[in-house]
Amino acid sequence: AMRIREAGNRRFMDLHVLVPDTWTVKRGDTLWDIACELYGDGTKWRGIAEKNGITDPRTLQIGRVLAL
């Protein structure tokens with residue numbers, strides 16, 4: 001959902017993006033790509049890794065369900 005608010009003569013857009021609770025890893029997925037798709041920022045991959053106990057992001061298994 002998007003909401004526009006005004007402050008003085010400036011307009012601001014508040015974006016509320018719905019992110020799922022989980023993500024099922026597919027062939028070719030990387031934590032970077034998942035973070036880009038869900039959060040618009042690949043550097044947030046570390047948060048996904050930490051939340052899921054992933055110490056080596058190169059070992060993502062297809063079918064694994066990640067908590068977000």
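This is a predicted model: local features need pLDDT of at least 70, side-chain atom pairs count only at pLDDT 80 or more; totals for chains, interfaces and linings use all residues.
## Overall fold

The protein chain contains two helices and four strands, and along the sequence these elements follow the pattern β-β-β-α-α-β. Of its 68 residues, 25% count as buried, while the chain exposes about 5,400 Å², of which carbon and sulfur atoms supply 51%. Among the contacts in the protein chain with a separation of 6 or more, 38% are accounted for by residues 24 or more positions apart.

## Helix H1 and its cover

Helix H1 spans residues 31-39, and within it Leu31, Ile34, Ala35 and Leu38 are buried. Seen down the axis of H1, these buried residues fall within an arc of 100°, so they line one face of the helix.

The cover over the buried residues of H1 includes strand S3 (22-24), helix H2 (45-51) and strand S4 (65-67). After H1 comes Gly40, which has a positive phi, near 70°.

## Salt bridges

A search of the whole structure finds two salt bridges. In one of them, the side chains of Lys26 and Asp29 meet with an N to O distance of 3.7 Å; Lys26 is partly exposed, its relative accessible area being 45%, whereas Asp29 is buried, with a relative accessible area of 18%.

Asp56 and Arg58 also form a salt bridge, in which the closest N and O atoms are 3.0 Å apart. Here Asp56 counts as partly exposed at 25% relative accessibility, and Arg58 counts as exposed at 74%.

Terms used:
Residues are numbered from 1 along each chain as its sequence is written. Side-chain values use heavy atoms; hydrogens and water are left out. Buried means under 20% relative accessible area, exposed over 50%, partly exposed in between (1.4 Å probe, protein chains only). Contact means heavy atoms within 4.5 Å. Accessible areas come from the Shrake-Rupley method with a 1.4 Å probe; for residues, only the protein chains shown count as cover. The arc is that of the directions from the helix axis to the C-beta atoms. A salt bridge is a side-chain nitrogen of Lys or Arg within 4 Å of a carboxyl oxygen of Asp or Glu.
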